[in-house]
Amino acid sequence: APTGRDDAAGTAAAPLASLGAAADRLPTGGTVIVAGGVYGRQWLTARGTAATPLVIRAADGATPVFDGGAITADWSGVITFDAAEHVVLSGLEIRDCTALECVAVDAPAVHDFTIRDCHVHHLDGGLRFAGSQIRIERNHVHDVALVNADNASGSSGWPFCIGTMPDRDRPSAPTASDVIIRDNRIEDCWGEGIGVWFAAEDRKSVV
């Protein structure tokens, strides 16, 4: 919760303050329930298992907002993962980062990563991932790729708002695999709405 402390018990009565502290308490998966309110930038390592993913979700009826308005560094993320494996993000609002190519979620190549039912807006970057078993589902994404807002000629070319990107740590094998992008609402995107870039052709599904 925004009023939490990272040395607290991590219960409803004594919540933690950050996603990183919550993920550290659940090294083999579980559920992080995020209370409503406004949070700043987050850093975490998140790993679940295939049987028990690490699910980070909004509390029932709540809207947790992760705001990147204080970020000034280019190529940053509002939620930044050092590692993300068997992870689900659900029901979060991620907003307001205008630094060059600042994305909603910044991560190295992910594995078994789902982002669904999130509201992502007013970012220079969007939702773009490398890795395998990537699911981008039922998100509302708008006012993204702001470097080109109002058809300005930006320095980033013509970026896309959601999709896949190359794994720059593996230049010999950069493609993403097992990718599903479906049921998203994308509007006011100052670039391509969906870009499936460096994804293996035999394991690619865009709906």
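Colleague: How far apart are the closest N and O atoms of E101 and R128?

Modeller: A salt bridge is a side-chain nitrogen of Lys or Arg within 4 Å of a carboxyl oxygen of Asp or Glu. E101 and R128 form such a bridge, with their closest N and O atoms 2.2 Å apart. E101 lies in the loop between β7 and β8 (103–106) and R128 in strand β11 (residues 127–129), so the pair ties together parts that are 27 residues apart in sequence. Helices (H or I, at least four residues) and strands (E, at least two) are DSSP runs, numbered from the N terminus. The model is predicted: local features need pLDDT of at least 70, side-chain atom pairs count only at pLDDT 80 or more, and totals for chains, interfaces and linings use all residues. Residues are numbered from 1 along each chain as its sequence is written, and side-chain values use heavy atoms, with hydrogens and water left out.

Colleague: Are E101 and R128 buried or exposed?

Modeller: Buried means under 20% relative accessible area, exposed over 50%, and partly exposed in between (1.4 Å probe, protein chains only). E101 is buried, with a relative accessible area of 6%, and R128 also counts as buried, at 12%.

Colleague: How many salt bridges does a search of the whole structure find, and which residues are linked with R95 in a network?

Modeller: The search of the whole structure finds twelve. A network of salt bridges links D67, R95 and D96. R95 is partly exposed, with a relative accessible area of 22%, and D96 counts as partly exposed at 28%.

Colleague: Which side chain of opposite charge is nearest to E93?

Modeller: In assigning charge, Lys and Arg count as positive and Asp and Glu as negative, while His and the chain ends are not counted. The nearest side chain of opposite charge to E93 is R95, 4.0 Å away; E93 is buried yet has no salt bridge. E93 lies in strand β7 (residues 93–97). Contact means heavy atoms within 4.5 Å. Leaving aside neighbours within four places in sequence, E93 is in contact with T63, P64, V65, F66, H119 and H121.

Colleague: In what sense do β7 and β10 pair?

Modeller: Two strands pair if DSSP finds at least two bridges between them. β7 and strand β10 (residues 119–123) pair in the parallel sense, over four bridges. H121 in β10 is the bridge partner of R95. β10 in turn pairs with strand β13 (residues 140–144), again in the parallel sense and over four bridges. There, H121 stands opposite H142 in β13.

Colleague: How many disulfides are there?

Modeller: A disulfide is a covalent bond between the sulfur atoms of two cysteines. The criterion applied is a pair of cysteine sulfur atoms within 2.5 Å, and the count comes to two. C97 and C102 form one, with sulfur atoms 2.1 Å apart; their link is right-handed, with 100 degrees about the S-S bond. Both C97 and C102 are buried.

C161 and C189 form a disulfide with sulfur atoms 1.8 Å apart. The link of C161 and C189 is right-handed, with 95 degrees about the S-S bond. C161 lies in strand β14 (residues 160–164) and C189 in strand β16 (residues 185–189), so the pair ties together parts that are 28 residues apart in sequence. Both C161 and C189 are buried. With the bonded cysteines of the protein chain numbered in sequence order, the pairing is 1-2, 3-4.

Colleague: Which residues touch the most other members of the largest nonpolar core?

Modeller: In soluble globular proteins, nonpolar side chains tend to be buried together. A nonpolar core is a set of buried Ala, Val, Leu, Ile, Met, Phe, Trp, Tyr and Cys residues joined through side-chain atoms within 4.5 Å. Of the 46 residues in the largest nonpolar core, F81 and F113 touch the most other members. Strand β6 (residues 77–90) gives the most to this core, with six residues. Leaving aside neighbours within four places in sequence, F81 has contacts that include L44, A46, V105 and F113.
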